[in-house]
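Please keep the sequence and the model in view while reading.

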Amino acid sequence: CQSGVWVVIGEGLGYKQSWQNVSNSRALGSTYTNITGKPISVLVYTLCSSGGGAYLYVNDLNILMMNNFNTMSGYSAYVTGIVPAGQTYRVSAGTGACTKTWYELT
């Protein structure tokens, strides 16, 4: 270390973490808590029958909104962001019937 700067190895986002498909255990509009003790990354792709975009909330603060794209299958959008340890998060999307693919780096 130079000048009193300390580097902590193994504490950062991605260290000993991997992407998990949690689509089957997550629902749009439901609130979850990051109980991993580390920051996680969330990535959600939505496909809805009507427009409205996708929204990522951390502790009820809307940190990201993505407008949707009109495709031949419906309206698609995605959101991604970091959720600090101990914080709550949820994703909401569009109107009408929606499907989602939800990944978390945990």
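## Basis of the description

Two residues are said to be in contact when heavy atoms of theirs lie within 4.5 Å. The model described here is a predicted one.

## Surroundings of serine 76

With residues up to four places away in sequence set aside, serine 76 touches Tyr45, Thr46 and Leu47, together with Asn67, Asn68, Phe69 and Thr71. Serine 76 itself belongs to strand 6, which covers residues 74-83.

Is serine 76 buried or exposed? Its relative accessibility is 7%, and residues under 20% count as buried, so serine 76 is classed as buried. A separation of 9.4 Å lies between the C-alpha atoms of serine 76 and lysine 100, two residues that are 24 residues apart along the chain.

## The aromatic pairs

A pair of aromatic rings is described by two quantities, the distance of the centres and the angle of the planes. Two aromatic pairs are counted in this model. One of them joins tyrosine 32 and tyrosine 89; the arrangement is tilted, with 6.1 Å from centre to centre and 45° between the planes. Because tyrosine 32 lies in strand 2 (residues 32-33) and tyrosine 89 in strand 7 (residues 88-105), this pair ties together parts that are 57 residues apart in sequence. Both tyrosine 32 and tyrosine 89 are buried.

Tyrosine 32 also pairs with tryptophan 102 in an edge-to-face arrangement, the centres being 5.9 Å apart and the planes at 85°. Since tyrosine 32 is in strand 2 and tryptophan 102 in strand 7, the parts tied together here are 70 residues apart in sequence. The relative accessible area is 16% for tyrosine 32 and 0% for tryptophan 102.

## Arginines over tyrosine rings

Which residue lies over the face of tyrosine 32? Arginine 26 takes this place, at 4.5 Å from the ring centre. A further arginine, arginine 90, lies over the face of tyrosine 57, at 3.9 Å from the ring centre.

Glutamate 104 is located in strand 7. Its relative accessibility is 2%, so glutamate 104 counts as buried.

When neighbours within four places in sequence are left aside, the contacts of glutamate 104 are Ser18, Trp19, Gln20, Val22, Arg26, Ile40, Ser41, Val42 and Tyr89.

Notes. Residues are numbered from 1 along each chain as its sequence is written. This is a predicted model: local features need pLDDT of at least 70, side-chain atom pairs count only at pLDDT 80 or more; totals for chains, interfaces and linings use all residues. Side-chain values use heavy atoms; hydrogens and water are left out. Helices (H or I, at least four residues) and strands (E, at least two) are DSSP runs, numbered from the N terminus. Buried means under 20% relative accessible area, exposed over 50%, partly exposed in between (1.4 Å probe, protein chains only). Rings of Phe, Tyr and Trp (its six-membered ring) pair if their centres lie within 6.5 Å; planes under 30 degrees apart count as stacked, over 60 as edge-to-face and the rest as tilted. A charge sits over a ring if NZ of Lys or CZ of Arg is within 6 Å of the ring centre and within 35 degrees of the ring normal.
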